Amino acid sequence: MDRLERLLDLVHVLSTSPEPVSLAELREVFADYGEGSDEAVRRKFERDKAELASIGIVLRYVANDEDLEPGYVVDQEASYLPEIRLSAEDRALLARAGRAALAGEGFPYPRALRLALGKLGVHAGSRDGGTAPPEDASAGVILRHPAAEIGAQEGTLLSTLLDAIARRKRLAIEYVARDGSISEREVDGYGVFARDGGWHLVGHDHARGAVRVLRLSGIRRATANTKRPAERDYVVPEGIDPRSYARPMAHRLAVHDEIEARIWVHPDLAFVHEPSWGRPDDQSVFTIRTTNVEALVDHVLRLGDRAELLAPPDARAAVVRALDALLAAHGADLAESAEEAPR
Amino acid sequence: MSVVDDLQAFLFLVPYAARRPKGVPTSELLEHLSMTHEELAGLLDRVASVGTPDGSPDELVEVYLEGDRVHVALPQTFEKPPRFSLEEALALLLVLAPLRGSPLPELSKHASRITEALLALSAERTQALANALRDAIRVVPAATDRPEHLELLERAVNERRAVDIEYYTASRDSLGARELRPWALFEYKGAWYVLSDERKTFKVARIRSARLTDRTFPPPPAGLDLERFRGRFPFGMPEEMGPGERPITIRTPEGAMTYPGPLGPNMRGYVRSRRGAMVVEPGAERDLLVWEARALRARHAR
C-alpha cells in the first residue's frame, strides 16, 4: 500500500469510527500493519503518528473512558482549522504582505506561505511573477519584505536559524567576519532582526561567553544540533529583545575603537541628520562618536558640497582617496583645476 | 515531492475544492500548492482509493480532474484543512514581522492583531514554538525615520487629506514649502518615502515640518498599481521620462543600470559614495560628476 494512501486512510478510519480504535484493530484493517512483530508494527505506527502530527493532525490514545475500549482517535478540535473570521481588510493586507514576501527568492518558506494563505482564502499571486488581481491596490502603504531582498541561499540559512531558535537547538556556525577571518561558532539563537535589508542573528556565542550579533551574509554554514530533537538545548534569558541589539546607525557599527568625528553640514540640511547625530553647534557642525568612520566618509561623499568632514584627518584623507579613485575611473586628470563648472 | 508535501496538498485541496460545486481551476490550486500540473495530476492518481480500506466506492474520497478544473464529489471526513504546521506558522510570522515592527501605528496595530489571531489557529505542538518566535523575529525601522511625520502621513494617506510640508529637495538642493497630497507610503533600503498624486516621491527624513490640513483629494485612479512604483524605485517608471530627458547609464561592480536623466545631486551622490561606480554616458553628466568630485576633493585636501 502506498504510504500516502495508508496515512490518509488511517486518518479517515480513525475519524469515522464511532469508538476509539486499538492498534490490534488497525492491524486487521491495514495490511501494512499486519506484517512483522508487535514491536516493529508499533514503531511503524508511531512513525505514521509523528508524520501526521508534523502537519497538524493529532492522534490521541483514549484510555480513561469507562464505556469505551482504549484506542486511538483523531482529535478533531486540535487537528482542523475552525471557521476563520478575517475581515476584507485583513485578507487584503495578508495578500499584499504575501506578495511582497514572495517577490524575491529569499523568503525561506514560500511553499508553506502559499499553503497557509490558501487555508485563509487569500491569494498572494502566482509563482511565475504574474499576480492575481490585487484585492486592494490603492492601499496606502506599499509593502516590501526584507526576506525578498536576499538570495535563495541566505533564505535557506534564515529558515535554519528560525527553526533552531523555535526549537531552542544549538547552532554550529561557520562565520566570515568583516575582516575576512573565518571562525567556527557555537551559538544559542535568541532571535533575528532585519535592518536596511540585511538580516542578523542575535545569540549567545559560547566561545566568547557573551551575546553576539552575526550578519546572515557572513554565515557560510549553519546546522542545528540534531541530538535529542524533542529537548531544548538552552533557555532564552528573560527580557531579550533582538531589536535592542540592532545598532540602528551605520556609524555605530563596531568596526574600530570609538573616535570623535566632526562634520559640517549645510544649515538647510542639518535637520535631516539630527535624529542620528544629535544637535549641531551654531556653525552647523556635528560632533559625534563613531566606531565606523568609513560610513561617515560615504555619507559625506553622498552629500557633496553640502558637507565637509572636518575631523579626524585620516577620515579626510579617506574622502580624498575615494574621490581619486572615482576620478581615475572616469579617466579624469587629478591635477586639473576644479574652478570652472561644465554647465 | 515528499510524502509530507503530498499529505499537506491532499488535506488542503479536498476541503478547498469540496466547497466549490463547480470545481476549482487548476491554476488556483497550483498557486496554493506550489506544484506543477503534472505533480497535481500524479497526486490525484495516487489518492484515487483513499477512504476506508477495501471499502465500497461510496466510502472513498472522490476527487478528479476534468478539463482545467479539480472537482471533489465526496470529501468523506476531509472537510476542513489542518491547523497551521510549524512552517506555515513561521511563514505567517515572518510575513507579518515587518508590518508589526512598522513605525506606522495603524499598520503595526493591524498586523499585530492578525498575528495573534493566526497564531491561535496553529496546531497545538506548533503554538508554543511559534509563540516563542513571535518576539524573536524583528524588523527594525530606520533610525532616521521621523515617527511624528510618519504617523501624520499615514493618517493623511488613509483619510486622503493634504499635508503642508517644509521639504528639502535634494535634486534642487533647496528647502521650501509645498502642499503634499500623499497617495502612498513605502520603505526603500531602510528609509521611508511618500508617493504623491503628482507621482513624485518625497523622503520622509527630509521633511522638516508637516501639518495635516482639512483639504481632501481624490484617491488614485482605479487600476493604478502603486506597488509597481516600489518595484521601480528609485529609477522611476520608464514611460515617465520627460521630453528631452536622456537615459543615463551607470556602471557598478554588479553591472550596468539605466536611469531616466537628468542625473540629480542625489544620484551623483550615490555614484560618488558607491565604490567602483561610474557614469558611462552621456558625457555631459560624466563631466558634471567629475567637476563636483574635484571640488569636493579640493575641499578635503587642503
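**The interface of chains A and B**

Between chain B and chain A there are 37 residue pairs in polar contact, both residues being at pLDDT 80 or more; a polar contact is a pair of N or O atoms within 3.5 Å, where within protein one must be able to donate a hydrogen and the other to accept it, and residues adjacent in sequence count only if both atoms are side-chain atoms. This is a predicted model, in which local features need pLDDT of at least 70 and side-chain atom pairs count only at pLDDT 80 or more, while totals for chains, interfaces and linings use all residues. Residues are numbered from 1 along each chain as its sequence is written, chains are lettered from A and ligands numbered from 1 in the order in which they are written, and side-chain values use heavy atoms, with hydrogens and water left out.

Salt bridges between chain B and chain A number 10, each being a side-chain nitrogen of Lys or Arg within 4 Å of a carboxyl oxygen of Asp or Glu. One of them joins the side chains of B:Arg113 and A:Asp90, at 3.3 Å from N to O.

How many residues does each chain bring to the contact? Chain A gives 132 residues and chain B gives 121 residues, contact meaning heavy atoms within 4.5 Å.

The area buried between the two chains is about 11,300 Å², and carbon and sulfur atoms give 64% of it. Buried area is the accessible area (1.4 Å probe) that two parts lose on being put together, summed over both. B:Arg83, B:Arg294 and B:His300 supply 7% of the area that chain B buries against chain A, more than any other three residues.
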